[in-house]
Amino acid sequence: MRIKALIRALTGTSHIVCESIETDATTKAINIIAHPDSKSQYRCGICGKKSPGYDNGGGTRKWRCLDIGEAKAYVVAEAPRVCCKEHGVVTAFVPWARHKSRFCSSFEDTVAWLAVNSTRKCVAELMRIEWHTVGEILSRVYSGLEKKPSERFDNLVNIGIDETSYKKGHKYMTVVVNHDTNSVIWCSIGYKKEVLKKFFDGLTPEQRESIRCVSADGARWIADCVKEYCPNAALCIDPFHVVSWATDALDEVRRRAWSEANRVAKEVQKRHVGRPKKGETESPEKKLADDIKATRYALLKNPQDLTAHQEVQLKFLTTANPRLYRAYLLKEDLRLALKSGYESIGELLRKWMSWAQRCRIPEFRELRKKIKRNMTGILATAKHKLSNARIEATNNKIKLIIRRAYGFRNTDNLISMVMMSCSTVKPLLPGRT
């Protein structure tokens, strides 16, 4: 192989002219002294248009390229500045590297592919770069891959919207997933209506009109945005979240029952100080409070998953606290109603709401109002059979990405990593198609 072909393969471009190759005696690095070919000279580093020269810039620069064996390799060349009509005075374009980068494009493509498929710590050690440099490279590679972002929004039919935390302290990001391709099409830091509006504002009227179903968790800010921007789309409330509303209400009833029983136990005369006397047992009131407190997992689990001991605990509630047991039956009845087909779910939910209205349990009477408010979305889910399962799986994948990288300080780098890992935009190794 000729030296010219070797240099072109190493730098990932054929628009490079090699002048000489030198070896640094101190660092044992290989320096490739080169310059762009005549077609690539005096072009804007941003848009690539031909522009008149301005000055010599910062002089000679070095761009790190892929290693040659055990030695680091660099491309060394002049970096003049040009005066672009659109972007003003900028550093001239070089064919082997992206704008404002000190790494060759082939090197950055390799780093991006490794970062998507392994941990950032492994990438930093393998490629011999700093930890924070990996995130900066991810942003540049993603910007280069995403030539036409609007194409992700074409032919949208079924989408899912949800928020997920990316850092402690109530730091959230909003994620939009295309159910048909199982890929992330948009994400942004923050949540609430003003953030989601950015997504819908970026769609054309035709793209918004093509959306038929939107799955969500029942948040009002999502429902308001869907109603405003996609009035013809069906909002599908995820059944898992509806059941979670019932389990939260049930747990509140259990806590209140335990609090009442515990207050009664404290009013009973306290036992004397010191070791218990022979034959002395715990007061029935205190034992009742402890038994109610211990029923948490038995109440929240599905009947088919209960252990023998948990079945005994539920049977104990039928006489010890009938109100708490009635709340458990309400939760189970709602869960079974949501699992029924589209033909019967409406009638079953109406019967459940009638029971909840008469149950004399404040938590479930409030839950009835919430379900009545979201009745249309719950029925749409049964009709279109669209849940939030895919977007919840995507949220778990995002949390794994964050955990694998030990967190992200720069949110732009986080979004670039999420899009290259969970969307249809995938980094490629140099020379691969």
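Trainee: What does the side chain of N321 reach?
Mentor: The backbone nitrogen of L324, at 3.1 Å. Keep in mind that this is a predicted model.

Trainee: Where does N321 lie?
Mentor: In the loop between α11 (308–320) and α12 (322–339).

Trainee: Buried or exposed?
Mentor: N321 is buried. Its relative accessible area is 12%, and the cut-off for buried is under 20%.

Trainee: What is N321 in contact with, leaving aside neighbours within four places in sequence?
Mentor: A257 and I292.

Trainee: And N410, which loop is that in?
Mentor: The one between α16 (389–404) and α17 (411–422). The N410 side chain reaches a backbone nitrogen too, that of D412, at 2.8 Å.

Trainee: How far apart are N410 and L367 in space?
Mentor: 40 Å, C-alpha to C-alpha. In sequence, 43 residues separate N410 from L367.

Trainee: Switching to charges. How many salt bridges are there in the whole structure?
Mentor: The search finds 19. Take R64 and D67 as one of them: their closest N and O atoms are 3.0 Å apart.

Trainee: What does E228 pair with?
Mentor: K193. Their side chains meet in a salt bridge at 3.9 Å, N to O. That pair links distant parts of the chain. E228 sits in helix α7 (residues 220–229) and K193 in helix α5 (residues 193–201), 35 residues apart.

Trainee: How exposed are those two, E228 and K193?
Mentor: E228 is partly exposed at 43%. K193 is partly exposed at 29%.

Trainee: Which residue forms a salt bridge with E366?
Mentor: K369, with the closest N and O atoms 3.6 Å apart. Both E366 and K369 lie in helix α14 (residues 362–373). They are 3 residues apart, about one turn of the helix. E366 has 49% relative accessibility, so it counts as partly exposed. K369, at 48%, counts as partly exposed as well.

Trainee: OK, inside now. Which residues touch the most other members in the largest nonpolar core?
Mentor: I159, L196, F199, F200, L334, W352 and F364. That core has 60 residues. Helix α8 (residues 239–267) gives the most to it, with 8 residues.

Trainee: Why would nonpolar side chains be found together like that?
Mentor: As a general rule, in soluble globular proteins they tend to be buried together.

Trainee: What is L334 in contact with, beyond its neighbours in sequence?
Mentor: Setting aside those within four places, V242, A246, L349, W352, L367 and I371.

Trainee: What about a second core?
Mentor: There is a separate one, of 36 residues. Its members include Y142, M173, F408 and V418.

Trainee: Aromatics next. How many pairs turn up?
Mentor: The whole-structure search finds 10 aromatic pairs. For Y325 and Y328, the ring centres are 6.0 Å apart and the planes are at 35°.

Trainee: Why call the Y325 and Y328 pair tilted?
Mentor: Because of the 35° between their planes. Stacked needs under 30 degrees and edge-to-face over 60, so the rest are tilted.

Trainee: Which rings form a cluster?
Mentor: Ring pairs link F153, W186, F199, F200 and Y229.

Trainee: Last one. What sits over the ring of Y297?
Mentor: The charged end of R296, 5.5 Å from the ring centre. In another case, K370 lies over the face of W245, at 4.2 Å from the ring centre.

Note on methods
Residues numbered from 1 in each chain as written. Predicted model: local features only at pLDDT ≥ 70, side-chain atom pairs only at ≥ 80, totals over all residues. Heavy atoms only, no water. Helix = DSSP H or I, 4+ residues; strand = E, 2+ residues; numbered from the N terminus. Buried < 20%, exposed > 50% of the residue type's maximum accessible area, 1.4 Å probe, protein only. Polar contact = N/O pair within 3.5 Å; in protein donor to acceptor, adjacent residues only side chain to side chain. Contact = heavy atoms within 4.5 Å. Salt bridge = Lys/Arg side-chain N within 4 Å of Asp/Glu carboxyl O. Core = buried A, V, L, I, M, F, W, Y, C linked by side-chain atoms within 4.5 Å. Phe/Tyr/Trp six-rings, centres within 6.5 Å; stacked < 30°, edge-to-face > 60°. Lys NZ or Arg CZ within 6 Å of the ring centre and 35° of its normal.
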